[in-house]
Amino acid sequence: MDIIEPLVKIVFIFLITLTTVAYLVLVERRVSAFIQNRIGPNRVGPAGLLQPVADIVKLFLKEDIVPKAANKFVHSLAPLISLVVAMTTFAVIPFGNSIHLFGRDIKLMIADVNVGILYILALSSLGVYGITLSGWSSNNKYSLLGGLRSSAQMISYELSMGLSIIGVLMIAGTLRLDKIVESQAQGMWYFWRTPISFITFVIASFAETNRLPFDLPEAEPELVGGYHTEYSGMKFGLFFLAEYANMITASAIIVTLYLGGWQLPFVGHIGLPDLAVSLLQIAAFGVKVGLVLLFFIVIRWTIPRFRYDQLMNIGWKVMLPLALANILITGVALLW
Amino acid sequence: MTLLASLELFDIIFYFFAFVTIVSAAVVVFSRNIVHSAFSLMFTFFGVAALYVMLNADFIAVTQVLVYVGGILVLLLFGVMLTTKVISVEMKTGTLQTLPASILVAVLAGTLCGIFWITDWLTPVARNAELPATTSSGIGRALMTTYLLPFEVASVVLLVAMLGAAMIARRERKR
Amino acid sequence: MLTDFGRILIFLLIGAVFTGGGLVASWLLRPRRPYPDKLSTYECGEEPIGEPWVKFNIRFYVVALIFIVFDVEVVFLFPWALVFKEMGMFAFVEMAVFLGILIVGYAYVWVKGDLDWDKPSPKVSRYVKGVGVVSDESVDVTEQVAV
């Protein structure tokens with residue numbers, strides 16, 4: 001078994017994701033500042049570009065306070081689970097077509113599993129653990145309530161997520177993510193072939209990543225910090241990283257399933273060398289993910305938070321029937 | 001050393017996951033701390049999922065994680081979290097009804113041994129044989145043809161489960 | 001297929017080592033100056049009152065139960081969606097029956113109100129001229145259930 005190639009890809013993915021996470025925080029702060037007519041962080045480095053470095057160094061050097069009443073082991077394990085789960089989703093996402101380098105074809109995804117989509121769903125269902133366990137182990141009212149709320153929220157929206165994917169699967173007929181991307185060639189992206197599925201999936205992604213308007217688990221005015229009230233230092237940093245890593249994976253999944261993945265219409269027909277085409281496709285994937293991320297950020301700073309009963313109502317009484325109806329509509333459309 | 005050398009990487013990984021599964025299952029049963037039990041159940045489920053992968057049953061493996069770890073264990077954790085406290089998590093797990101339990105266990109063990117006996121195991125020779133690239137669409141086809149009736153009955157079972165859950169919970173709330 | 005899952009395992013291990021390494025590095029670098037006040041449970045600067053285990057809403061549990069039922073249904077839908085195109089009308093009808101039976105249950109729990117979450121009913125205090133601020137009802141703390 002060739003071990004070098006996957007290792008290189010894994011390390012590459014790790015570096016890219018972590019850099020993106022660090023800079024996503026900066027982008028979020030700058031965008032929010034722009035929206036609120038402020039300047040935002042601009043002191044560390046030129047135009048604040050070194051702010052993420054400063055943040056990370058600060059998180060490393062902060063004292064770690066674990067309350068006496070907490071369950072120490074679970075308390076440390078929870079942020080670890082959160083981040084690892086958030087990162088591992090990336091293992092099945094194709095970030096480009098195969099590229100011809102060093103005399104061989106390299107497939108630009110780490111693990112080409114046959115059950116790619118189900119793998120993503122299974123992993124996103126594990127995201128509940130980090131939050132629930134941190135809420136429970138902190139032995140704090142806010143944390144427990146936040147953890148509990150968030151797990152109920154995440155499982156509710158996970159259903160709509162799973163059901164909306166079915167629409168794509170019925171058209172694509174495969175669970176493999178690379179095949180799904182290939183079936184979206186020539187601009188036949190799924191977001192306009194199954195629009196209902198696209199909408200429910202994006203909304204469910206917002207809920208799964210606990211982003212506003214669904215950030216009930218850490219609703220500041222009522223729950224202080226929610227599940228990470230009792231976290232400080234690097235452990236808090238891991239939760240922070242996990243939130244943004246989750247955002248990146250969610251965006252990458254949206255792009256892969258609905259926005260054509262690395263597909264760039266017409267690029268194959270203008271006679272560029274293969275290497276250039278491959279690089280352009282990777283760039284296309286990156287740009288698409290970036291745009292979806294920007295959408296995530298803009299939504300956060302423009303829309304107010306739901307109340308918890310509204311949130312559950314939307315999940316169970318709007319999203320679920322919509323996703324079910326979508327299956328029916330897709331079926332009828334495919335048959336006739 | 002000779003034993004280790006004769007093992008392939010595949011076997012080593014298999015024994016590792018088998019070990020994880022069995023040990024964590026033992027912890028689930030014997031631990032006096034209910035939170036530790038719930039925790040190690042997670043490792044048991046993961047170990048079983050890994051074993052499914054090694055049997056080339058990718059769909060079942062991922063489903064195992066999706067339903068058991070992502071669903072049923074969350075439910076168990078809800079139960080644990082809502083009833084026990086972080087400190088003073090000691091819960092007594094005693095032994096009751098030894099006779100019916102041992103009869104049930106004997107029947108179950110007998111069935112499992114029977115299945116163990118009649119199953120065609122994936123021997124190293126068979127491992128290299130042609131296997132379907134993916135099991136998912138095969139399962140779909142089987143569900144729609146051979147196992148159509150069990151498939152529809154499953155939905156009735158799920159319906160009953162949902163109604164039952166709603167009923168029990170509603171009674172709790174009224175009280 | 002096995003090598004692909006093996007890669008995921010490697011990915012998982014590298015991720016765990018990396019995050020664990022981050023924690024260890026910070027453990028080596030950071031200061032440690034604990035004192036009792038710092039280690040007490042946070043409750044907005046007050047002494048924590050009572051246990052964190054207030055009475056929780058049973059609905060959390062109901063939601064989880066209904067979720068599992070639907071989760072299993074989703075799992076059935078996946079292999080079905082894969083063969084839908086080749087099987088056509090037949091598969092469509094079969095799944096319609098399957099979903100139809102479940103939708104009966106879904107409609108039942110909806111109508112019976114198991115999906116309704118308790119709405120907050122804030123006790124609004126109002127200003128009465130000459131009297132000052134009055135609240136309509138006194139809030140019974142013991143009966144409050146966390147949502």
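Trainee: Which residues of H4(C) are buried?

Mentor: C:Ala91, C:Met95, C:Phe98, C:Leu102, C:Gly105, C:Tyr106 and C:Val109. Buried here stands for 20 or more other C-beta atoms within 10 Å of a residue's own, exposed for 12 or fewer, and partly exposed for anything in between, with C-beta atoms placed from the backbone. Bear in mind that this is a predicted model, where local features need pLDDT of at least 70 and side-chain atom pairs count only at pLDDT 80 or more, while totals for chains, interfaces and linings use all residues. Residues are numbered from 1 along each chain as its sequence is written, and chains are lettered from A and ligands numbered from 1 in the order in which they are written.

Trainee: What makes A:Gly146 a buried residue?

Mentor: A:Gly146 has 29 other C-beta atoms within 10 Å, so it is buried. This glycine is part of helix H5 (residues 141-172) of chain A. Between A:Gly146 and A:Trp136 there are 9.4 Å from C-alpha to C-alpha, with the two 10 residues apart in sequence.

Trainee: How many residues of chain C are in contact with chain A?

Mentor: On the chain C side 58 residues, meeting 60 residues of chain A. Contact is a matter of C-beta atoms, placed from the backbone, lying within 7 Å. H1(C) gives the largest share of the chain C side, 19 residues. That side divides into 38 nonpolar, nine polar and 11 charged residues.

Trainee: Which residues have the most contacts inside the largest nonpolar core?

Mentor: A:Leu118, A:Leu169, A:Ile254 and C:Ile66, in a core of 167 residues. Such a core is a set of buried Ala, Val, Leu, Ile, Met, Phe, Trp, Tyr and Cys residues joined through C-beta atoms within 7 Å. H3(C) supplies the largest share of the core, 21 residues.

Trainee: Why is this core said to lie between two domains of chain B?

Mentor: Because domain 1 (1-85) and domain 2 (133-175) of chain B both give residues to the core. The bounds come from an automatic or database domain assignment.

How values were computed:
Contact = placed C-beta atoms within 7 Å. Helix = DSSP H or I, 4+ residues; strand = E, 2+ residues; numbered from the N terminus. Nonpolar A, V, L, I, M, F, W, Y, C, P; charged D, E, K, R; others polar.
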